[in-house]
Every structure is written in structure tokens, then in C-alpha cells.
Amino acid sequence: MGLRPTRRGWALGLGGVALGLLGVGLGAVDLVRIGTLVVLLVVGACVVVGTLDPGRGRHRLAVARDVQPNPVHTGERARVDVRIKASDPAARVRLAGLRFSEQAATELSGGRPLRARVQRTPQQVTVSYQVDAGRRGRWQLGPLVVTRGDPFGVARSSATLGDHAEVVVWPAVVPLPTASDVLVGEPDRVALGARTPSTDDASLRDYREGDDLRRVHWRSSARRGALMVRSDERAGMRPVSVLLDLPAKLTALEWTISLAASMALAMLEGGHPVRLVGGRAGAATAFHQARTGPTARAALLDSTVDLEAPRSADEAETYLLGAAHLLETTDAGGEIVLAVLGPLGAGARAALAHVADNAQGWAVVRADGASPAHEREAQHTVHALRRAGWRACAVTPGEDIVACWLRLLGSAR
């Protein structure tokens, strides 16, 4: 708790001391008494204000903070309601006359003071304000700072109430159009949303008494000589891995993550198991299943929150090679790999070429045009991926995400 006299308090206190000293020097008892009373007024006000600390003791105030929505996407706005409650008459005395201010991370406030609306009742004060999610990450709100003064305005105390809250900011995402007529695998010509023979068989199990006969897979039953039923109506959807090669530049980083997240959500909504692979936060090994609905969507977006830019080009290549190795060693039944890449070195190009041996690869390659050499490297990466069996195209960080997606799909034609 911060307890201090106000400017008025300092003036009265120093004035009282001066009067007392003057009274002693002149032998004027009345001046000494007046000076002493003034000093006692300031000291007493400090004692009273300090005793009524709203954050301590049996009669302390309770603070509850509610943020809606939380998590929130970058560029969107969230509403925050902070409720300060008094549970008994003594706590209501502490609540009366308090002034409130809220602390928030710069990524939520934009570095500007928060403008709040305050509603008061004898038992509760509600402070409401809005924050703008300016950047992906995990950002803090609070704790609440309360300031209390005495009736004479000579002393003031400040204290913090409650704990801080965490606001999770997801990347901005864009709905992408369906591509069921374009994402066609070779050699089995499996389109987006279609079922593959290999994973279809894997989704079957033996018939058990009580199973719905409409779920019997008659062709597999005839081949195996026993009744087989589908264990999941959505089974057979090809798994999708979204591969991230993160850049060091902040603006390109956020755009890359937004594009990758938009791709992942589009495939998830199409019914595919999806995972994000790559980055310093580690490579995901578990697929998020479309049948879990909002839970899978939230889990996918949560996996992007802690992604950080690599410290160097060598570190970025190390992460990419680790992700490529994971894709090679994971038995996902001929998955689809969607990649957002930068210009690649020889080692990374070779690693991704092996990925295309067992998976259907689609890649966008960042070419920011910073220099002719960078542009040539990006085009060289696109050509190398195409020679290895990938569908690939060059994109510019910051451009429209839907346009990038459609250009990638157009690379198949």
C-alpha cells in the first residue's frame, strides 16, 4: 500500500510545524496549540486512511474480473467488467469514496489510458471498459489499483485489489473457400472431403450386438467374411498437417501465422483431422479431430498463441528440418501437407522433397521483394518444390489471404 500526504497535507503539516516553532520562540502558547492541532490533523488523517486499507483484513473487498470474449482474435475488441464487492457494513465503508484505475498490457490498451464506465451501489462497484486486441499472445489485465483519501484531502493511499487476469489473443483468421474440386491426391485421386481406401478400412471394426445396421460396410464385410461397421461416420478423411516456417520479421511473422491458421481451420471445417507443425513452441504430434467441433478449433488456435520468431536463419532452418523429419516419420496414411515457407536452403529443400514421397504437398513461398536476390531465392524454392512433386506458388507477406489461397489452388491447373 502507498500512503502519503497530499500537497495540501504537506502544506498544513509544514505550516503547523512552523507555527509551533514560532510559538515556542515568541512564548505564545496559543500558536503552539494551533500548530500542534494542525500537525495532529495530518497525522490522524494518514492513520485513518491507512487503517481502512481495502485490500487487507477481515473486511477486505472482493474483486471479480470477467472478459468477453476470451480468447479474442487479433484486431477484435473485448469487454471487461471488474466487480468490486463489499460483503459487510465495514467493507461498504471502505468501498465508499474509492477511486479506481485498471492496469493493462500495452498490446491491449495501445498505450492509451483506458476509458471506463463506473456503476455504483452500496454493496458493489462495477468498472466496465473495452480493450483492443492489437497483437497475438497472452497479455495481462490488472490488478486493480484503488485510491482513497480523507474528507479533508490531506492524505491519500493507493493499493492493488485482486489478481491479474490473462487475455489470450488468437491470430486473425479469414474464412477460406472450399476447394473440393482442386485438392486431388495422386494416385488415388482423393478429393478434399473424400474418403481414402486405406483410412476407410482403418475406420472399421467388428460388428457388435446393438450396432445400427445402416453403419455396416457391406463391401468390407464381404471381403473379410464378417460383419464390419464404421466406427466413425467422418472416418476416412485424409489427415492434414499445416507446416510453418516462421520468419524473423514481426509483420511477416503475424501474416504467416494468420495464413497458416486460416488454412488449418478451413481443412478442419471440411472434416479433416488437422495439426500445426513447426516453430519454436515445438511440433505438434496429435491431430485435432473435426468431430469435436469448437473444441478442436480452439485447440488449433491455442497452439499458435506462443509461436515466436526465430532468432536467426540457422535456427529457423533447424526448426523446419525437425518438422520435416516429423512428417516423414509419422504414419498418417498419406496425409495432405499445407506449408507456408520462406526461401529455403539446400538442406531444407531436400528434406521437404522426401516429405512429398508419401504425402500430397501444397506450399506458398514468401517473396517479400526486399532484394532481387531474395526474390530469386523464393522463385528457386518454388521451382525446387514443384520438381519434387509439390504444388507451390510465390506470395507476398501482407497480401490478401484469400487471394494467396486461390493462387495456391490455381497452381494445380
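Visitor: In this predicted model, where in the protein is confidence lowest, and where is it highest?

Guide: Confidence is given per residue as pLDDT, on a scale from 0 to 100. Here the lowest mean, 44, belongs to helix α5 (residues 197–202), while the highest, 96, belongs to strand β3 (residues 72–73). For the protein as a whole the mean pLDDT is 83, with 85% of the residues reaching 70 or more.

Visitor: Over which residues does pLDDT stay under 50?

Guide: That stretch is residues 184–202, and the model has 44 contacts for it beyond four places in sequence.

Visitor: Which residues touch the most other members of the largest nonpolar core?

Guide: The general idea is that, in soluble globular proteins, nonpolar side chains tend to be buried together. In this structure the largest nonpolar core has 38 residues, and those touching the most other members are V242, M263, V274, L338, V364 and W405. Helix α7 (residues 250–269) supplies the largest share of this core, with 12 residues. If residues up to four places away in sequence are left out, M263 touches L176, L338, V340, V364, W405 and L408. There is also a second, separate core, made of 27 residues, which includes V72, F100, V127 and A133.

Visitor: Which residues form a nonpolar patch on the surface?

Guide: L12, L41 and F152 form such a patch, and together they have about 240 Å² of accessible area. Of these, L41 lies in helix α2 (residues 29–51).

Visitor: Why is L41 described as partly exposed?

Guide: The class applies between 20% and 50% relative accessible area, and L41 is partly exposed because its relative accessible area is 31%.

Terms used: Residues are numbered from 1 along each chain as its sequence is written. This is a predicted model: local features need pLDDT of at least 70, side-chain atom pairs count only at pLDDT 80 or more; totals for chains, interfaces and linings use all residues. Side-chain values use heavy atoms; hydrogens and water are left out. A nonpolar core is a set of buried Ala, Val, Leu, Ile, Met, Phe, Trp, Tyr and Cys residues joined through side-chain atoms within 4.5 Å. Buried means under 20% relative accessible area, exposed over 50%, partly exposed in between (1.4 Å probe, protein chains only). Helices (H or I, at least four residues) and strands (E, at least two) are DSSP runs, numbered from the N terminus. Contact means heavy atoms within 4.5 Å. pLDDT is the predictor's confidence in each residue, from 0 to 100. Patches are made of residues with over 30% relative accessible area and no salt bridge: like charges are joined within 9 Å, nonpolar side chains (Val, Leu, Ile, Met, Phe, Trp, Tyr) within 5 Å. Accessible areas come from the Shrake-Rupley method with a 1.4 Å probe; for residues, only the protein chains shown count as cover. A salt bridge is a side-chain nitrogen of Lys or Arg within 4 Å of a carboxyl oxygen of Asp or Glu.
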